[in-house]
Amino acid sequence: MGKESSLSGSLFYVFTVISAFLVILFLLGIFYILFSESYLAIREFGLIGFIFSQEWDPVRDLFGAAPTIFGTVVTTLLALLFAIPVAVGIAIFVTEIAPDYVKAPVSVAIELLAAIPSIIYGMWGLFTLSPIMAGYIEPALQQTLGRLPIVGILFEGVPMGIDLLTASVILSIMIIPLIASISRDAFNLVPSIVKESAYGVGATRWEVIKKIVLPYSKLGIFGGVILAMGRALGETMAVAFVLGNKHQITTSLFDAAATITVSLANEFTEADTDTYLSSLFYLSLILFAISFITLGAAKLTIQRLQRGGAR
Amino acid sequence: MRPYRRRRIENLVAISLCTLSAAIGLFWLFFILIDVVIEGVGALNLALFLEDPVPAGLEGGGLRNAFVGQLLLTLVAALLGVPVGLLGGTFLAEYGRGSRIGHIISLLSDIMTSVPSIVIGTFAYAVLVKPFGHFNGWAGSFALALIMIPIIIRTTEEMLKLVPWELREAAFALGASYYRVILSIVYRGAAPGILTGILLSIARVAGETAPLLFTSFNNTFFSVDMNEPVPSLTVTVFQYAMGPYENWHAQAWAASLVITLFILIITLLGRFIIFRRYGKWKTL
């Protein structure tokens, strides 16, 4: 091979370097572009003023992010609350309980659930889940939990099915497979000799799970939960159908609301003034910052802990 | 130690709860899938693939424009994203292996995979729509490519690292340059895994809606001009499902069925390739 080969070799090298560095370039680019596009709104409303203002009035050109941040946080936390127990249960079932001939099909099924695009979840939520919520589940909740003092305010109002609760349920169904598959991988890393020792001294299956498997793999579960949180924070289509896009902070889970993603999806093409569009870019920047910081911090924590010890 | 009987009961309850949650998870999967199939099959007909939409409110018509547009957007995104992802992953696994910068880029790719897709959409809007003053297909494909790149980078990196280092050394010993070794030895060994990564990234973007809403937008007419708004199935489903007409809803279900089947088949194919190569279902 002569000179020709070394030239194409160097070219190839240069192309791989450029491609890899494009990731850094894109991330910096996203940050820079979103910042410069939202500069108008940043100057107008400031950071604290924007985040804490409940105003969202396109007519008077006044915008604040508090309602959408509220919606984003509430739907994400509720979705995690619903999803984590089910997902970890699935992972335990697949790794520790199910016989071999059940394991593979269930695993594949869970992964397929993860592959279904979010718009399918959203549409299914609008046409199928939302009527069920409005007709049965929400009235039932109102009749029971709604009568309790204090907790009752969460279940006030007329159940329409287009509200925070329905959106959170759909989000939770979406993130279950994500948490389940990552937890399953973590469970599979537990050395079987440790488990066998526990069985050997007479532990029941649940005791092995509770005292060996879960402590051993808590880091993996944590990683899965954080990833799922990132997914839930940024999910658009699954919630866009059933949240109602109403900029308000409510105490009832039966009220319509808005998340950052939903208001971007609904209003971006309608923004008719520069301040309006700039405020939407500002929302996008805030969402970008939140997800970047959460995921970055989580990844670094996991790596540090992994280096510190196998657990 | 607590009495044996109590421990057995606790065990039974906990195991039952875990089994129950697996059942709940599977219940949702079948509920959604069966619902999409039942509602979708009813509206599935040849006209859906062969005819363009009729004016709102009228019966009939199809979504030929959206099918073609979706394929076009995805194809262009793959043409943009696959080479960059492949080469970037090669750098991380080969030239940059073990280096600090390689490590950082790898971490950033992981984070970029999780950047909300709608944020990427707003970025593409600012870069490729605003300066030109109108929605266009390039912006949509660019946004999709941005989603694909980090996925392909990471899967390629993982797959190349699975190729034993000794294989490379054997080739070095024969006098091959690193570039030759990568092309003829490493890529060949990792080909199935790389292909699966590409397939999974296509499956991921084929169902994306949010980044297309204000980039490629939508178009009720048949158009393959990437300089104009390009219709896509997913955005059409969003508009039709939110719209007031019964036949829109029916077509949205049918389109959803086609998207879902397409994505599930690609995903299964990717898993199958990995299964053939490594003998087990590996998660990527």
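The structure discussed here is a predicted model.

The residue A:Phe52 belongs to helix α3 of chain A, which covers residues 47-52. A:Ile69 stands 17 residues from A:Phe52 in sequence, and the two C-alpha atoms are 9.3 Å apart in space.

## Overall form of chain A

Chain A has 311 residues, of which 46% are buried. Its secondary structure consists of 13 helices and two strands. Along the principal axes, the C-alpha atoms of chain A occupy a box of roughly 75 × 70 × 35 Å. When contacts between residues at least 6 apart in sequence are considered, 76% of those in chain A link residues at least 24 apart.

Two domains are assigned in chain A: domain 1 spans 1-35 and domain 2 spans 66-308. Their C-alpha centres are separated by 36 Å.

## Domains of chain B

In chain B, domain 1 comprises residues 4-43 and domain 2 comprises residues 48-278. A distance of 32 Å separates the C-alpha centres of these two domains of chain B.

Contact between the domains of chain B involves seven residues of domain 1 and seven residues of domain 2. On the domain 1 side of this contact in chain B, four residues are nonpolar, two are polar and one is charged.

## Interface between chains A and B

The interface brings 76 residues of chain A into contact with 70 residues of chain B. On the chain A side, helix α1 of chain A (residues 3-37) supplies the largest share, with 20 residues. The side of chain A that touches chain B is made up of 52 nonpolar, 19 polar and five charged residues.

## Packing of α6 and α7 in chain A

Two packed helices are described by the angle and the distance between their axes. In chain A, helix α6 (residues 118-143) packs against helix α7 (residues 164-188) at an angle of about 130 degrees, and the axes are 9 Å apart. The helices α6(A) and α7(A) are therefore oblique to each other, since an angle has to be over 145 degrees to count as roughly antiparallel. The crossing of α6(A) and α7(A) is right-handed.

From α6(A), the contact draws on A:Ser118, A:Tyr121, A:Gly125, A:Leu129, A:Ser130, A:Met133 and A:Glu138, while α7(A) contributes A:Leu165, A:Thr166, A:Val169, A:Ile170, A:Ile173 and A:Met174. By class, the contact of α6(A) with α7(A) includes eight nonpolar residues, four polar residues and one charged residue.

## Packing of α9 and α10 in chain B

In chain B, the axes of helix α9 (residues 233-242) and helix α10 (residues 246-278) come within 8 Å and cross at roughly 150 degrees. The helices α9(B) and α10(B) are therefore roughly antiparallel to each other. Their crossing, that of α9(B) and α10(B), is left-handed.

The α9(B) side of the contact is formed by B:Leu233, B:Thr234, B:Thr236, B:Val237, B:Tyr240 and B:Ala241, which meet B:Trp248, B:His249, B:Gln251, B:Ala252, B:Ala255, B:Ser256 and B:Ile259 of α10(B). Eight of the residues in the contact of α9(B) with α10(B) are nonpolar and five are polar, with no charged residue present.

## A:Ala198 and helix α8 of chain A

A:Ala198 lies in helix α8 of chain A, residues 192-200. With 17 other C-beta atoms within 10 Å, A:Ala198 is partly exposed.

Beyond its neighbours within four places in sequence, A:Ala198 makes contact with A:Ala203, A:Val208 and A:Ile212. A:Ile209 is 11 residues from A:Ala198 in sequence, with a C-alpha to C-alpha distance of 9.9 Å.

## Loop residues of chain A with positive phi

A:Asp61 is not a glycine, yet has a positive phi of about 60 degrees. The residue A:Asp61 is located in the loop of chain A between β1 (56-57) and β2 (62-63). A:Asp61 is partly exposed, as 13 other C-beta atoms lie within 10 Å.

A:Asn245, a residue other than glycine, has a positive phi near 45 degrees. The loop of chain A that holds A:Asn245 runs between α11 (237-240) and α12 (260-267). A:Asn245 counts as partly exposed because it has 18 C-beta neighbours inside 10 Å.

Key: Residues are numbered from 1 along each chain as its sequence is written. Chains are lettered from A and ligands numbered from 1 in the order in which they are written. This is a predicted model: local features need pLDDT of at least 70, side-chain atom pairs count only at pLDDT 80 or more; totals for chains, interfaces and linings use all residues. Domain bounds come from an automatic or database domain assignment. Two residues are in contact if their C-beta atoms, placed from the backbone, lie within 7 Å. Ala, Val, Leu, Ile, Met, Phe, Trp, Tyr, Cys and Pro count as nonpolar, Asp, Glu, Lys and Arg as charged, and the others, Gly among them, as polar. Helices (H or I, at least four residues) and strands (E, at least two) are DSSP runs, numbered from the N terminus. A residue is buried if 20 or more other C-beta atoms lie within 10 Å of its own, exposed if 12 or fewer, and partly exposed in between; C-beta atoms are placed from the backbone. Axes are lines fitted to C-alpha atoms, for helices over the stretch in contact, and angles run from 0 to 180 degrees between N-to-C directions. Angles under 35 degrees count as roughly parallel, over 145 as roughly antiparallel, 65 to 115 as roughly perpendicular and the rest as oblique. A crossing is left-handed if the near helix is turned anticlockwise from the far one by less than a right angle, and right-handed if clockwise.
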